[in-house]
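I opened this notebook to record what I looked up in one protein model. The entries follow the order in which I consulted it.

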Amino acid sequence: MPFDWDIEVFETLSSTQDLCKERAVAGAGEGAGVQAICQSAGRGRRGRVWFSGQGNLTFSFVLRPGCDVSLIGQISVLMGVALARTIGDGAVLKWPNDVFVSGKKCAGVLIDSDLDGRRVRWLVVGIGVNTANAPDMGMALGIERDGFLGRLLEQIAVCYEGWRARGFEEFREEWLGRTYAKGTKLNAGLFETLDGFGNLVVRGGQNRLQTISAGDVYLKDCDDVAGD
């Protein structure tokens, strides 16, 4: 294990991400985390609200990879792979870091960073999983929130340690095995692949390849994957 988990649990918080960032600024080490039984003002990507009620899993934790800023996208992919492994065969990954079961979003990842030049000083990774009320999650997970968290923490540690020891390629390949088929119509173009930094590659107008490092990407003309 690359670090020891130290998760603080609160009955109610406005945002696990905000409190965990305070812990990171104060010097908390890798594996320090914050879990809320009920979160009232959590954030999704691009500032969207992520409300998490009783029975759902909401937590954030600190990583200190010391890597170049260009590798943050790889870590985002790692988190998606860890979630998918924990959920099981029914988990489908959508770029950049959402997880779907039976066509409905059931989990998401938010990453905040602090940089020293191009070096990553720390990352705070926020994860929300609708263990209580996502469609078909009961059958997909087969486990309640706290048991799911234990399994997820194991997978995060395994993926992170593997990434540090062996690099990104095996996780990239696993992510590709759980996502859209090549040529799938997305709002940004036709899905092509994932590059070595965790960026999305699509085929756009005039058959040109385009690399996307940030933004909202979803299946074209399919509302149920556009939510946050």
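**Entry 1. Ground rules.** I note that this is a predicted model, in which local features need pLDDT of at least 70 and side-chain atom pairs count only at pLDDT 80 or more, while totals for chains, interfaces and linings use all residues. Residues are numbered from 1 along each chain as its sequence is written, and side-chain values use heavy atoms, with hydrogens and water left out.

**Entry 2. The whole chain.** I looked up the secondary structure and found 5 helices and 12 strands. Helices (H or I, at least four residues) and strands (E, at least two) are DSSP runs, numbered from the N terminus. I then looked up burial: 51% of the 228 residues count as buried. Buried stands for under 20% relative accessible area, exposed for over 50%, and partly exposed for what is in between (1.4 Å probe, protein chains only). For contacts (heavy atoms within 4.5 Å), I took those with a separation of 6 or more; residues 24 or more positions apart account for 65% of them.

**Entry 3. The nonpolar cores.** In soluble globular proteins, nonpolar side chains tend to be buried together. I therefore looked for nonpolar cores, that is, sets of buried Ala, Val, Leu, Ile, Met, Phe, Trp, Tyr and Cys residues joined through side-chain atoms within 4.5 Å. The largest has 50 residues, and Phe59, Leu63, Met79, Leu83, Ile127, Leu152 and Trp175 are those with the most contacts inside it. Helix 2 (residues 72–87) gives the most to this core, namely 10 residues. A second, separate core has 11 residues, including Ala28, Ala36, Val62 and Trp122.

**Entry 4. Helix 5.** Which residues are buried in helix 5 (residues 169–176)? I found Phe171, Arg172 and Trp175. They lie on the same side of helix 5, because they cover an arc of only 105 degrees around the axis; the arc is that of the directions from the helix axis to the C-beta atoms. The buried residues of helix 5 pack against helix 2, strand 5 (92–94), helix 4 (145–166) and strand 10 (189–194).

**Entry 5. Helix 2 with helix 5.** Two packed helices are described by the angle between their axes and the distance between the axes. I note that axes are lines fitted to C-alpha atoms, for helices over the stretch in contact, and that angles run from 0 to 180 degrees between N-to-C directions. The axes of helix 2 and helix 5 cross at roughly 55 degrees and come within 10 Å. Helix 2 and helix 5 are therefore oblique to each other. Angles under 35 degrees count as roughly parallel, over 145 as roughly antiparallel, 65 to 115 as roughly perpendicular and the rest as oblique. The crossing is left-handed; that term applies if the near helix is turned anticlockwise from the far one by less than a right angle, and right-handed applies if clockwise. Val77, Leu78, Val81 and Arg85 of helix 2 meet Phe171, Glu174 and Trp175 of helix 5.

**Entry 6. Helix 2 with helix 4.** Here the angle is about 140 degrees and the axes are 9 Å apart. That makes helix 2 oblique to helix 4, and their crossing is right-handed. Among the residues that make the contact are Ile75, Met79 and Leu83 of helix 2 and Leu152, Ile156 and Tyr160 of helix 4.

Entry 7. Is Ser76 buried or exposed? Ser76, in helix 2, is buried, with a relative accessible area of 9%. Not counting residues up to four places away in sequence, Ser76 touches Pro96, Asn97 and Ile111. Pro96 is in the loop between strand 5 and strand 6 (98–101), and the peptide bond from Trp95 to Pro96 is cis, with omega near 5 degrees.

**Entry 8. Asn207 and Leu209.** Asn207 lies in the loop between strand 11 (200–203) and strand 12. Phi of Asn207 is near 60 degrees, a positive value in a residue other than glycine, and Asn207 counts as exposed at 52% relative accessibility. Leu209, in strand 12 (residues 209–212), is also exposed, with a relative accessible area of 51%.
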